[in-house]
Amino acid sequence: MQTHVFHVTGMHCKACPKLIEMELAEAHGVTHVRASLWHHRVTITGNFGDKNPMDVIAALEPRAAKHGYKLS
């Protein structure tokens, strides 16, 4: 298991963290997601194999982008 913390651009209201948590939790390998509107970040835990953080972002970005969010 690995845990990554990414900055999220585009969150602006109380619903945003819940939406991004629900969307990213459905991604392959993800076991836990916690988003923070206050800190504009998301903490993601899962089994990502030998992927580095940039590979994890690349895999999750399409799910975030369809709602107007960007991970970095």
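Tutor: A residue is called buried when its relative accessible area is under 20%, and that cut-off is applied here to a predicted model.

Student: Which residues of H1 are buried?

Tutor: In helix H1, which covers residues 15-25, the buried residues are Cys16, Pro17, Ile20, Glu21, Glu23 and Leu24. They pack against the strands E1, E2 and E3, against helix H2, and against strand E4 (70-71).

Student: Why is Glu21 called buried?

Tutor: The relative accessible area of Glu21 is 11%, and the cut-off for buried is under 20%, so Glu21 is counted as buried.

Student: With what is Glu21 in contact, leaving aside its neighbours within four places in sequence?

Tutor: Glu21, which lies in H1, is in contact with Val33, Arg34 and Ala35 once those neighbours are set aside. As for Ala35, its bridge partner in E3 is Val42, and Val42 is also the bridge partner of Phe6.

Student: Why are H1 and H2 called oblique to each other?

Tutor: Helix H1 and helix H2 (residues 53-65) pack at an angle of about 135°, with their axes 9 Å apart. Angles over 145 degrees count as roughly antiparallel and those from 65 to 115 as roughly perpendicular, while under 35 is roughly parallel and the rest is oblique; the pair H1 and H2 is therefore oblique. The crossing of the two helices is right-handed.

Student: What makes up the contact of H1 with H2?

Tutor: From H1 come Ile20, Glu23 and Leu24, which meet Leu60, Arg63 and Ala64 of H2. By class, the residues of this contact are 4 nonpolar and 2 charged, with no polar residue.

Student: How many bridges join E1 to E3?

Tutor: Strand E1 (residues 2-9) is joined to E3 by 6 bridges, and the two strands run antiparallel.

Key:
Residues are numbered from 1 along each chain as its sequence is written. This is a predicted model: local features need pLDDT of at least 70, side-chain atom pairs count only at pLDDT 80 or more; totals for chains, interfaces and linings use all residues. Side-chain values use heavy atoms; hydrogens and water are left out. Axes are lines fitted to C-alpha atoms, for helices over the stretch in contact, and angles run from 0 to 180 degrees between N-to-C directions. Helices (H or I, at least four residues) and strands (E, at least two) are DSSP runs, numbered from the N terminus. A crossing is left-handed if the near helix is turned anticlockwise from the far one by less than a right angle, and right-handed if clockwise. Contact means heavy atoms within 4.5 Å. Ala, Val, Leu, Ile, Met, Phe, Trp, Tyr, Cys and Pro count as nonpolar, Asp, Glu, Lys and Arg as charged, and the others, Gly among them, as polar. Two strands pair if DSSP finds at least two bridges between them. Buried means under 20% relative accessible area, exposed over 50%, partly exposed in between (1.4 Å probe, protein chains only).
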